[in-house]
Structures are given as C-alpha cells and as structure tokens.
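Colleague: I am new to this structure and would like to go through some of its helices and single residues. Please take the questions one at a time.

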Amino acid sequence: MRVAAAPVAVNEPVVFDLAAAGLRALNAALAGLTATTNQTVWRVKNPRGEHAIAVGVTAPVCIFVDGPVGYYCAGMNDGADITIMGNAGPGVAENMMSGFVRVTGDASQAAGASAHGGLLVIEGNASARCGISMKGVDIVVKGFVGHMSAFMAQSGNLVVLGDAGEALGDSLYEARIFVRGRVASLGADCEERPMTDEAAAILAGLLRRADARAEVGDFKVYGSARKLYNFHVDHAGHY
Amino acid sequence: MCGIAGLFLKNRALEPELGAMTAAMLSVLTSRGPDSAGFAVYGQAMPGFLKISLRGAENFDFGAMAAALDVDVSVHDDHAVIAVPLEREARVRALLVQRFPEVAVVASGARMELFKGVGQPDEVSKRFGLVGMTGSHAIGHTRMATESAVTIAGAHPFSTGADQCLVHNGSLSNHNDIRRKLIKEGMRFETQNDTEVAAGFLSWQLREGAKLDEALGAALDTLDGFYTFVVGTETGFGVLRDPVACKPAVMAETDDYVAFGSEYRAMADLPGIADAHLFEPEPARVYFWERAA
C-alpha cells in the first residue's frame, strides 16, 4: 500500500484497505500527517472489528471507517473528524482531546472514557460506563446508555436522548448529565438539578451540533450534590 | 481474558459448514486465549445410542478399546467418540473404569461431542478435525488461564450433564462454597476450576426440573463474580452476563443463525454479517434460543 507515494488531489479521499496493509501502516500514515496536509479525507476499508483503528490522530482530517470496529477506535483523537460506519467496541474515543467522533451504530462500554475535549456522537445505544471519568468531552447518545454511565465524571456534558441504566453519575464531580428518557437509578451523590438558562443553552447547542431532533424542554439535568467532596465526620460510621 | 465463539444455526442448509465456521471464529480469538482451546459440537443424533466423548494418552489404541467394548468409535487425535447402545451405557461406563482407567470421560449426550486440548486454537482445531464437523450448534472457547493451571483439566467447555456444556469468560469468587453445596446435592466435580462449578450449578438446576432459561436466571442469584457464559443443551443455546458486565460479548442474528463472539472481529467472516442484527447482550438478562430436536 503506497499511501504516501500516491499523488492525491485536495479532498480526494485516500482509500486505505486495512485488510491489505495492516493497522500499523494505517496509524503510522495518519500519525505522519501535518496540520497543512492535502490528504484531508480518508476512507478506511475492511476494518473487520480490528482494535485501535485511527488512534492518536493530531491532524485536522476527516476519516471514514467503513464498518464495525473493535477496542479503542479514535482513542486520543486530537482534532480529527472520525466517523465509524457501524458499531464500535469498548473505549471508542477514549481520552479524546479535541475533534469529533461519530458512531453510526451502537458503542460498547466505556465510550468516551477519560476524554478531555471534543464531541462524541453515538447514533445508537451506548453500553455500560459511557463517559466514565470524562474530563471535558461532550457526548451525545441518541439511544440509551448502560449502567454506571458518567461514573466519576469530572467535567463536560453527557446528553442521553433515551433511557439511562442504573447508578447514573455515581460519584460525580462537575460534569452535567442531560437525560430525556427514564433513569433507572441515580448513583451516589448524583441528583436532579434545576435546568438553568446556561444549562439549557449548552444542551441546545449540543443537540444542534449532534443533529439530534429533540426539545430542550423534554430533558432533565443531573449534577453532583457535592456531598462526597469532603470527609464528613457524621458519616464516619459508613466507612 | 479468554475468547468465546458460539454458533446456533437456524437454517439447516448451513449445517455442513458449522465446523469450518466455528474453527474460523476460534482462530481469530487466539489473541484472547492462546493457551488452550476446546469446543462442543451438536451433531446428528443416533437413535438408540449415546455418544461418549473420551480422552486418552497420546497414541492410545482407541480401536482396540472399542473392539473390547464392542462399540463403534470415531478417533480424533487423543480424543474419541464411541456410540454406545443406550441399554449398555452402565455396562460400558463400568468397563471403561475397570479396564481403561487411563481413559477420561469428557462428556456424553445424544448429540454433543466435546473436544479440548492445550495449545493454540488453530492447532487444537486441526488436531480434532473441527473443520469437517457438522451439526446444528457449536460452542467454543480459547483460554487464557487465570484461575487455575494451563492443563487439559482447566480447558473449556465443561460438561456436567448429558448434552450440556458451558464456556466462561471471567472468574467466580464463590465457587468453593457453591461446589460444597452441590456435592451435598449429589453433583460430582472433576477439578478445582471455578467454571466447572457454574456448569455443575446449571446441570443441577436442570436435573431438578428447571428449563435452561430458568437455570440461567437462578445462576444470576447464586453465582458471584465476573462472567459471560455461553451454554448449550441438546436443542438450546443460552447466553448470560453478570450484572456488572465487564467481560465483552457481541451477538449477531440473521434469518440463518445466531452467533456469539467475545468481539465482533470473530464474526467478521460469517455469511450475511453485513446485514445481521448486531447487539451487545445486556447485563443480567437471560438470552436463550431453542429449536425442535
């Protein structure tokens, strides 16, 4: 596969056959892109559920992955616009710094884990621990999320158009969680909060950017009750 | 780690391909379990006969054994499957113990044949001739040992009842306690392995009259630890994940089959996968398929 050698016009997609050239060649080619590259559109054929596809991309390019992917796809993304045409395995867009990742199908557990920035949009459902320990990323899930979503989430916004599983927002720090559907249960120190103008504006902006057809007024917002931030002597007996 | 592959065919036209499809899935799962592999295949029943899967030492003369027992035999490397007339089952089992103590009974059933060995999945599949096997459903496992040693005894599937088998990704924390209770109920165990206890628990439930889906529901209340189980019976195929659901699981369903893989990539070559309904089985929910015998 002579990706770098082939002359490619601006915005002409670079077609990369993962089954033929292999994962390391793909990630090396993507890692070699500069901010001013002319190879701005990539199409990855035959992903076949492989792990770690398009990780650590730092160039502002568009990448389309033509099918289901395995673990950690688009991990550590920093500025790229990555679309997965199918389902994603565990840890999609984990530790994303900036950019945009879209999954057209479902995502497995720990989608967007520890991510610092950017926007992750999941058109289908996300399994358990979606947004675990998120640190500034925005995540929009158009279906449901599994149990323990936004566990220890520190900042950023998780928007769920469907239902949320058990223990939503357990041990939450300062992330916001918006849910339109039913919440099975809230985790420790997570509580419903008033929908402020600021929160409503953030939600409206995310719904628009995610191309999600939903009304702000149909959502509830959840946040930290901040009771776990400090040791409280009256709770000593609970430890 | 560990990898699980399961295939339950709805379309009988695919039955000749069952072994080849299962072998391909196990091959992909080598990275999740390189130390041992095993599989159970539900093939054609022989009315009036019980199939007993056996394991002998290397180069054991199964032909001579079968002649002495007066049964038909099909030899697969260090395993063999004998077809025993139902009325002679007790006699043959007794003779096996008395005259061939070096031969281990791996499993038995009207349809199920079970093979497992230490080594890379491709090598294990090849040794036993998995590619040529046919049937309605198959369950396979690639093992990365965590709870007990890399031995044939620790390899999956485990079978603790006729036509019943179970494979497991995970580890159980209360298996010693459950094993003691099941022994009091008359169940017998061959190893100290946690997965054998899960298989024994389901067999005990089935023996007490539960249906497979009910037995899996009871397992949720009893077994503590991490698990994704795939189980087989003569006509059924079930999946269960623990409530925390750390261990991966992906399923694909088409008009022709239901497939289970620890990861999607194990199923990437199945026919019609691009149009399959792909989903992740939910935690603590019993999934179960059955077909007419």
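**Helix packing and burial**

Modeller: In this predicted model, α5(B) and α6(B) are oblique to each other.

Colleague: At what angle do α5(B) and α6(B) pack, and what is the hand of the crossing?

Modeller: The axes of α5(B) and α6(B) are 9 Å apart, and the angle is about 40°. Angles under 35 degrees would count as roughly parallel and 65 to 115 as roughly perpendicular, so this pair is oblique. The crossing of α5(B) and α6(B) is left-handed.

Colleague: Which residues make the contact of α5(B) with α6(B), and how do they divide by class?

Modeller: From α5(B) come B:H175, B:I178, B:R179 and B:L182. From α6(B) come B:D194, B:V197, B:G200, B:F201 and B:W204. By class, the contact of α5(B) with α6(B) has five nonpolar, two polar and two charged residues.

Colleague: Which residues of α5(B) are buried, and over what arc do they fall?

Modeller: Helix α5 of chain B covers residues 175–184, and its buried residues are B:H175, B:I178, B:R179 and B:L182. An α-helix has 3.6 residues a turn, so residues three or four places apart point the same way. The buried residues of α5(B) line one face of the helix because, seen down the axis, they fall within an arc of 105°.

Colleague: What covers that face, and which residues are exposed on the other side of α5(B)?

Modeller: The cover over the buried residues of α5(B) includes β10 (164–172), α6 and α7 of chain B. On the other side of α5(B), the exposed residues are B:R180 and B:K184.

Colleague: Which residue just after α5(B) takes a positive phi?

Modeller: The phi in question is about 95°. The residue that takes it, just after α5(B), is B:G186.

Colleague: At what angle do α6(B) and α7(B) cross, and how are they classed?

Modeller: Helix α6 of chain B spans residues 194–207 and helix α7 of chain B spans residues 212–222; their axes come within 9 Å. They cross at roughly 130°. Angles over 145 would count as roughly antiparallel, so α6(B) and α7(B) are classed as oblique.

Colleague: What is the hand of that crossing, and which residues of α6(B) meet α7(B)?

Modeller: α6(B) passes α7(B) in a right-handed crossing.

Colleague: In chain A, which residues of α2(A) are buried, and what arc do they cover?

Modeller: In helix α2 (residues 23–31) of chain A, the buried residues are A:L26, A:N27 and A:L30. They lie on the same side of α2(A) because the arc they cover around the axis is only 90°.

Colleague: Is A:N38 buried or partly exposed?

Modeller: A:N38 lies in the loop between α2 and β2 of chain A. Its relative accessibility is 45%. Buried means under 20% and exposed over 50%, so A:N38 counts as partly exposed.

Colleague: Is B:L278 buried or exposed, and which chain A residues is it in contact with?

Modeller: B:L278 is found in strand β15 (residues 277–279) of chain B. Its relative accessibility is 15%, so B:L278 counts as buried. Leaving aside neighbours within four places in sequence, its contacts in chain B are B:M251, B:A252, B:Y264, B:M267 and B:I273. Its contacts in chain A are A:P68, A:N87 and A:D106.

Conventions:
Residues numbered from 1 in each chain as written. Chains lettered and ligands numbered in written order. Predicted model: local features only at pLDDT ≥ 70, side-chain atom pairs only at ≥ 80, totals over all residues. Heavy atoms only, no water. Axes fitted to C-alpha atoms, helices over the stretch in contact; angles between N-to-C directions. Helix = DSSP H or I, 4+ residues; strand = E, 2+ residues; numbered from the N terminus. Left-handed = near helix turned anticlockwise from the far one by under 90°. Buried < 20%, exposed > 50% of the residue type's maximum accessible area, 1.4 Å probe, protein only. Contact = heavy atoms within 4.5 Å. Arc of directions from axis to C-beta. Nonpolar A, V, L, I, M, F, W, Y, C, P; charged D, E, K, R; others polar.
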